[in-house]
Amino acid sequence: MLPIAMVIGIIFHEYIGAVAFLSPYLIFIMLLITFCKVSPKDFKVTPFIWILLSVQVLGSIAAYAAIAPLNPTIAQGVFICVLCPTATAAPVITGMLGGSVTLLATYSLFSNIAVAVLAPVLFSWIGASPEIDFIESIIIISSKVFPLILSPLAIAFLLRAFTPRIHHAIADRQSLSFYIWAVSLIIVVGNAVSFVMKEPSSMIPEMLAIAFGSLVACCLQFFIGRRIGARFGDKISGAQGLGQKNTVLAIWMALTYLNPISSVGPAAYVAWQNTINSLQLFFKARKSLKNQNF
């Protein structure tokens with residue numbers, strides 16, 4: 001279903017703008033369904049979370065420092081693909097793959113907080129803008145991220161405490177998250193394609209290089225996350241936590257604080273990460289089917 005959603009987004013990208021406003025609402029519903037499986041006592045800050053955060057932040061700095069001498073714009077495109085926080089929908093895919101929804105939800109919170117605090121400093125460091133107001137940047141980024149994560153989390157906990165029947169009914173319908181995610185993917189892919197097609201043809205070679213850089217960054221982050229997760233007994237959570245990114249936020253940050261062309265990186269990352277997610281879901285479903293037959 002995810003590849004089909006991506007193809008639909010590509011084909012009908014000219015019309016996606018009319019429904020783009022639905023994205024945050026769809027993500028909100030997805031997270032509410034997912035968080036209804038989580039208990040407040042399950043949220044714990046562990047070494048696993050600190051290690052992933054270190055890779056996310058230090059990895060973005062290392063990537064930029066390595067590539068900037070060759071091409072600063074490509075370096076910015078790869079930098080934002082690594083620094084970008086975990087996708088708000090990552091717990092959904094993690095749950096479908098058999099990972100820890102609670103662990104990913106916790107890491108998603110800390111990942112987004114880290115970016116909200118560090119992004120203005122890092123953007124200043126790479127010379128993205130002459131002046132970036134630190135407090136204003138934190139407020140803007142936080143206003144785009146926190147409501148999507150904290151509101152459904154708070155509602156899920158309130159439902160658990162005061163309306164357990166409704167909470168239980170929502171918790172038992174986790175499969176709905178997958179279909180809502182597919183619709184969200186159509187919108188995100190459509191918007192990304194529309195943006196890329198507006199760029200002049202002279203920028204194609206550089207955009208292709210940025211897209212390739214984002215592919216390398218995507219594969220490495222899924223791989224490194226999986227290796228880190230293996231040390232803590234949860235490969236899936238490690239891979240999704242580090243590899244699945246909030247590309248909508250990344251595109252906005254690139255357009256706002258970096259060379260606008262660098263936003264091709266997170267735009268391409270949409271395709272890379274969801275191709276990997278599609279393959280993971282396919283192989284898991286095939287494995288489950290084989291086990292049922294035996």
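Visitor: Leaving aside neighbours within four places in sequence, which residues is L153 in contact with?

Guide: Keep in mind that this is a predicted model. L153 lies in helix α8, residues 134–162. Contact needs heavy atoms within 4.5 Å. With neighbours within four places in sequence set aside, the partners of L153 are F35, F43 and L109.

Visitor: Is L153 buried or exposed?

Guide: The cut-off for buried is under 20% relative accessible area. L153 has 9% relative accessibility, so L153 counts as buried.

Visitor: How many Å separate the C-alpha atoms of L153 and T34?

Guide: Along the chain, L153 and T34 are 119 residues apart.

Visitor: Which residues make the contact of α6 and α7?

Guide: The crossing of the two helices is right-handed. From α7 come V101, L104 and A105. By class, the contact of α6 with α7 holds five nonpolar and two polar residues, and no charged ones. The α6 side is A90, P91, T94 and G95.

Visitor: How do α4 and α11 lie, roughly parallel or antiparallel?

Guide: Helix α4 spans residues 47–67 and helix α11 spans residues 204–231. Their axes come within 11 Å, with a crossing of roughly 160°. The crossing is right-handed. At that angle, α4 is therefore roughly antiparallel to α11.

Visitor: How many charged residues are in the contact of α4 with α11?

Guide: On the α4 side, F48, I51, L52 and V55 take part. They meet I224, I228 and G229 in α11. The residues divide into six nonpolar and one polar, and the charged count is none.

Visitor: What about α4 and α7: roughly parallel or antiparallel?

Guide: These helices pack with their axes 10 Å apart, at an angle of about 30°. The crossing is right-handed. Angles under 35 degrees count as roughly parallel. So α4 and α7 are roughly parallel.

Visitor: How many nonpolar residues does the contact of α4 with α7 have?

Guide: The α4 residues include F48, L52, V57 and Y64. Those of α7 include L103, F110, L118 and W125. By class, four residues are polar and none is charged. The nonpolar count is 15.

Visitor: Is L118 buried, partly exposed or exposed?

Guide: L118 sits in helix α7. Its C-alpha is 9.4 Å from that of L83, at 35 residues apart in sequence. The relative accessibility of L118 is 31%, between the 20% and 50% cut-offs. L118 therefore counts as partly exposed.

Visitor: How many disulfides does a search of the whole structure find?

Guide: A disulfide needs two cysteine sulfur atoms within 2.5 Å. For C84, the nearest cysteine sulfur is that of C81, 7.6 Å away. For C218, the nearest is that of C219, 5.5 Å away. The search of the whole structure finds zero.

Visitor: Are C84 and C218 buried or exposed?

Guide: C84 has 1% relative accessibility, so C84 counts as buried. C218 has a relative accessible area of 0%, so C218 is buried.

Visitor: Where is N246, and which residues is N246 in contact with beyond four places in sequence?

Guide: N246 is in the loop between α12 (235–243) and α13 (247–257). At 12% relative accessibility, N246 counts as buried. Beyond four places in sequence, its contacts are C84, P85, T86, A87, T88 and N112.

Visitor: Is S202 buried or exposed?

Guide: S202 belongs to the loop between α10 (175–197) and α11. Its C-alpha lies 34 Å from that of A116, 86 residues away in sequence. The relative accessibility of S202 is 58%, and the cut-off for exposed is over 50%. So S202 counts as exposed.

Technical notes: Residues numbered from 1 in each chain as written. Predicted model: local features only at pLDDT ≥ 70, side-chain atom pairs only at ≥ 80, totals over all residues. Heavy atoms only, no water. Left-handed = near helix turned anticlockwise from the far one by under 90°. Nonpolar A, V, L, I, M, F, W, Y, C, P; charged D, E, K, R; others polar. Buried < 20%, exposed > 50% of the residue type's maximum accessible area, 1.4 Å probe, protein only. Axes fitted to C-alpha atoms, helices over the stretch in contact; angles between N-to-C directions. Parallel < 35°, antiparallel > 145°, perpendicular 65-115°, else oblique.
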